Amino acid sequence: MTFVSQNKPNNRKPPYKAVFSCPEECAERINCYFSQYLPEHTEEVADVEALADFLSCTRSDIFEMMSDKKYSPAVSRAMNRIAFIKKQLAFKGKIPAAVFVFDMKNNHSYKDKPDFGDSSEKSTVILKGEAGKWGN
């Protein structure tokens with residue numbers, strides 16, 4: 001596999017295409033991660049980096065595959081399953097809340113609500129009709 005200068009990332013050949021012969025193989029290997037690897041390694045928690053390592057790729061490759069029409073269904077389901085597992089662990093107090101929140105934001109695109117970005121604009125809500133009586 002050949003890589004070009006990092007100054008032109010769009011010219012880089014995605015490593016995952018060399019790792020998998022087809023999307024079905026990718027899905028099969030992801031399934032093995034959940035059905036075989038994790039049950040045999042009970043001390044490990046499902047994780048994006050662990051999945052990437054299992055698949056012989058990187059975290060960045062995982063995110064690239066999520067944008068690839070062919071690989072996205074299997075990888076997106078795997079990411080959802082990882083988030084589900086971690087959420088259940090957090091609910092049971094087995095993952096500290098701060099660690100869980102950081103992971104969800106960093107790896108699963110979760111955002112605080114409301115998260116309007118850096119905009120300094122304010123919103124105004126006007127209550128009309130029956131809703132106006134609720135404040136009385």
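S109 is exposed, with a relative accessible area of 64%. Here buried means under 20% relative accessible area, exposed means over 50%, and partly exposed covers the values in between, with a 1.4 Å probe and protein chains only. The structure is a predicted model, in which local features need pLDDT of at least 70 and side-chain atom pairs count only at pLDDT 80 or more, while totals for chains, interfaces and linings use all residues. Residues are numbered from 1 along each chain as its sequence is written, and side-chain values use heavy atoms, with hydrogens and water left out.

S109 lies in the loop between α6 and α7 (residues 130-133). Although S109 is not a glycine, its phi is positive, at about 60°. S56 is another residue other than glycine with a positive phi, near 65°. S56 sits in the loop between α3 and α4. S56 counts as exposed because its relative accessibility is 52%.

## The chain as a whole

The chain has seven helices and zero strands, so defined that helices (H or I, at least four residues) and strands (E, at least two) are DSSP runs, numbered from the N terminus. Read along the sequence, the pattern is α-α-α-α-α-α-α.

Of the 136 residues in the chain, 29% are buried. Among contacts in the chain with a separation of 6 or more, 49% are between residues 24 or more positions apart. A contact means heavy atoms within 4.5 Å.

## Helix α2

Helix α2 covers residues 23-40. It has 18 residues, and from its first C-alpha to its last it reaches 25 Å, close to the 26 Å expected at 1.5 Å a residue. The expected span of a helix is 1.5 Å times one less than its number of residues. At Y33, α2 bends by about 35°; the bend at a residue is the angle between axes fitted to the seven residues ending there and the seven starting there.

Y33 is also one of the buried residues of α2, together with C26, I30, C32, F34 and L38. The buried residues of α2 pack against α3, α4 and α5.

## The nonpolar cores

A nonpolar core is a set of buried Ala, Val, Leu, Ile, Met, Phe, Trp, Tyr and Cys residues joined through side-chain atoms within 4.5 Å. The largest such core has 22 residues, and those with the most contacts inside it are I30, F34, L51, I62 and M65. Two or more residues of this core come from each of α2, α3, α4 and α5.

Leaving aside residues up to four places away in sequence, I30 touches L51, L55, A74, V75 and A78. A second, separate core has five residues, including A83, A90, I95 and F100.

## Helix α6

Helix α6 runs over residues 97-108. Its twelve residues should span 16 Å at 1.5 Å a residue, and its end C-alpha atoms are 15 Å apart, which agrees. F100, D103, M104, N107 and H108 are the buried residues of α6. Seen down the helix axis, these buried residues fall within an arc of 100°, so they line one face of α6. That arc is taken over the directions from the helix axis to the C-beta atoms. An α-helix has 3.6 residues a turn, so residues three or four places apart point the same way.

The buried residues of α6 pack against α3 (48-54), α4 (59-67) and α5 (72-91). On the other side of α6, A98 and F102 are exposed. A97 is also in helix α6, and counts as exposed because its relative accessibility is 57%. Between A97 and K87 there are 9.7 Å in space, C-alpha to C-alpha, and the two are ten residues apart in sequence. After α6 comes S109, whose phi is positive.

## Cysteines

How many disulfides does the structure hold? There are zero disulfides, where a disulfide is a pair of cysteine sulfur atoms within 2.5 Å. C22 is in no disulfide, and the nearest cysteine sulfur to its own, that of C26, is 9.0 Å away. C22 counts as partly exposed because its relative accessibility is 24%.

C26 is likewise in no disulfide; its nearest cysteine sulfur is that of C57, 7.9 Å away. C26 counts as buried because its relative accessibility is 0%.
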